[in-house]
Amino acid sequence: MREKNLYLVFYDIRDTKRWRRIYRKLKGYGIRVQYSVFRCRLSERSMQRMRWELEKILDKEDDLMVIRLCPRCASDILLRSPKDDNPFEQEELPFLILGDEAV
């Protein structure tokens with residue numbers, strides 16, 4: 001099994017239609033932790049595919065930032081949320097990426 005890393009994906013999309021497309025695409029890769037922030041546990045191959053798929057949707061006026069967190073950095077995340085569940089926990093996600101192992 002390939003090593004997976006934790007990524008934070010931030011986006012600022014100017015057009016509502018593109019925002020919805022990006023949101024739906026990212027739901028297949030990770031968990032939404034804030035309005036335009038997703039947490040994704042991905043192999044390097046899956047991360048590159050995700051970036052490629054997002055680039056096909058993004059316009060030049062849109063912003064996208066992907067940050068890879070090392071295991072130590074991921075364990076040091078402080079979270080204050082009204083929810084009881086912590087979206088940064090290290091659990092496996094319950095879905096598949098097409099053509100790849102479980103993410």
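A contact here means heavy atoms within 4.5 Å. Of the contacts in the chain with a separation of 6 or more, 71% are between residues 24 or more positions apart.

The model is predicted: local features need pLDDT of at least 70, side-chain atom pairs count only at pLDDT 80 or more, and totals for chains, interfaces and linings use all residues. Residues are numbered from 1 along each chain as its sequence is written, and side-chain values use heavy atoms, with hydrogens and water left out.

Helices (H or I, at least four residues) and strands (E, at least two) are DSSP runs, numbered from the N terminus. The chain has three helices and four strands, in the order β-α-β-β-α-β-α from the N terminus.

Accessible areas come from the Shrake-Rupley method with a 1.4 Å probe, and for residues only the protein chains shown count as cover. The chain exposes about 7,000 Å², of which carbon and sulfur atoms supply 51%. Buried means under 20% relative accessible area, exposed over 50%, and partly exposed in between. By that scale, 39% of the 103 residues are buried.

| Residue | Relative accessible area | Class |
|---|---|---|
| Cys-40 | 0% | buried |
| Cys-70 | 29% | partly exposed |

With a disulfide defined as a pair of cysteine sulfur atoms within 2.5 Å, the count is zero.

Rings of Phe, Tyr and Trp (its six-membered ring) pair if their centres lie within 6.5 Å; planes under 30 degrees apart count as stacked, over 60 as edge-to-face and the rest as tilted. There are five aromatic pairs. Tyr-11, Trp-19, Tyr-23, Tyr-35 and Phe-38 are linked by ring pairs into a cluster.

Terms used:
Buried < 20%, exposed > 50% of the residue type's maximum accessible area, 1.4 Å probe, protein only.
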